[in-house]
Amino acid sequence: MRSTGSRLLRSAVLLCSLALAACTSLPRTPYSAADASGSRVLDIDGLRRYTDEPVTKFRFEKDTPSSTKTYLALSGGGADGAYGVGVLNGWTAAGTRPTFSVVSGVSTGGLIAPFAFLGSQYDDTLREVYTSGIASSLLDDPSIIRVLFGSGLFGNKRLRELVARYVGPEILAAVARENARGRKLLVVTTDLDTQRTVVWDMGKIAAVGSPEALVLFRDVMAASASIPLVFPPILIKAEGQGRSFEEMHVDGGVTAPVLTLPDALLFQGRLPGNSRMNIYILVNKKLERTFELVSNSTIDVASRSLSSITQSQTRSVIFSTYDFAKRNRWGFHLSYIERDYPAAASEGFDTAYMRALYQHGYEKAASGHAWTSTLP
């Protein structure tokens, strides 16, 4: 089954290829790599990190005798995010869902993450977003004009409206309260200008508490889910070396299909100190390889190639995390969509498909069968 992202990108690439000769770019304020190297947002340090930074840039809490923490990592997957929402709600029904010390989200996982972080009282909100049909409105207005003179087939007005509808000052205040208790909410974007994976500390952003912080909180969520060519990038205001400019951010899944730990930490293989963690990786897609007779056309070959790259990247992160967990005696738990689960009948955010997938995830979790401690 192709992921929603690759299916949507297939359509976008087709339209863009038809109009390639007329494609142009919108003007941007130029800035340099030196400006980017020390850039800040909201004129505040520490609102984000990059996964390729040294381990010393990441702070780890000191251990206490009962300091085993729980970490939920939510992957990308577009409409397949309905699976993750079903698992979360079924987990609540089973009565075994923990309060997570850390929650990270990429792409559709970035949309789910704040509500998963705040707990089961937002289960109904997530179910509504992923099963009511509201998600299908994101793809209601394709435009060849945007392909010709913009940077996305569908525009991002509806995506922004969806985020703003469910993320208001009360969500910001709730996230800030949990951040003050030491819990962490992380959402991932890709900075196209620097080609770096950006990890936004949403709790720190929420703690700022200003209208500008709410705008940034929403922009990060929207950017994390902005599939290139399908949705335009989100431009985020930044300052560096006394200059103001806008960074171009897109779907976090471009560089990190799921965020578990920083690159340097996975490479090093050991965590400083004796911290303990139970890590739950909730993958909103299939991980096991599938057979598909690919049509010998440019678009189908590109789509299948993109799907294969994303699947391989996801498997690589999971395998590295599994090895890291075993080395450090962490608990490792993985959930994903089975290879034989039926594919969607149509591209995009098909409501009937999403409802069925939600129910599938719900029943697995409610019956205690959603998680495995072994690799695919």
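**Entry 1: Arg28**

Which residue forms a salt bridge with Arg28? I looked this up in the model, which is a predicted one. The partner is Asp193, and the closest N and O atoms of the pair are 2.9 Å apart. Next I checked where the two residues sit.

I went on to Arg183, which forms a salt bridge with Glu178. Here the closest N and O atoms are 2.9 Å apart. Are these two residues buried or exposed? I found both Arg183 and Glu178 to be buried.

Then I turned to Arg304, whose salt bridge partner is Glu292, with the closest N and O atoms 3.3 Å apart. Arg304 lies in helix H12 (residues 298-327) and Glu292 in the loop between strand E8 (277-286) and H12, and the two are twelve residues apart. With a relative accessible area of 18%, Arg304 is buried, because the cut-off for buried is under 20%. Glu292 has 26% and is partly exposed.

**Entry 2: the overall count**

How many salt bridges does the model hold? I noted a count of 16. I also noted a network of salt bridges that links Arg40, Asp43 and Asp45. A reminder to myself: side chains of opposite charge can pair when their charged atoms come close.

**Entry 3: Gly209**

Where does Gly209 lie? I located Gly209 in the loop between helix H9 (202-208) and helix H10 (211-224). Gly209 counts as exposed, at 51% relative accessibility, because exposed means over 50%. I then checked Gly209 against Ala176: the C-alpha atoms are 7.9 Å apart in space, and the residues are 33 apart in sequence.

**Entry 4: confidence**

Last, I looked at the pLDDT. The protein averages 86, and 84% of the residues score at least 70. Over residues 12-22 the pLDDT is below 50, and this stretch has 15 contacts in the model beyond near neighbours in sequence. Residues 142-153 also have a pLDDT below 50, and there I noted 40 contacts beyond near neighbours in sequence. Where pLDDT is low, the predicted coordinates should not be read in detail.

Definitions and conventions. Residues numbered from 1 in each chain as written. Predicted model: local features only at pLDDT ≥ 70, side-chain atom pairs only at ≥ 80, totals over all residues. Heavy atoms only, no water. Salt bridge = Lys/Arg side-chain N within 4 Å of Asp/Glu carboxyl O. Buried < 20%, exposed > 50% of the residue type's maximum accessible area, 1.4 Å probe, protein only. Helix = DSSP H or I, 4+ residues; strand = E, 2+ residues; numbered from the N terminus. pLDDT = per-residue confidence, 0-100. Contact = heavy atoms within 4.5 Å.
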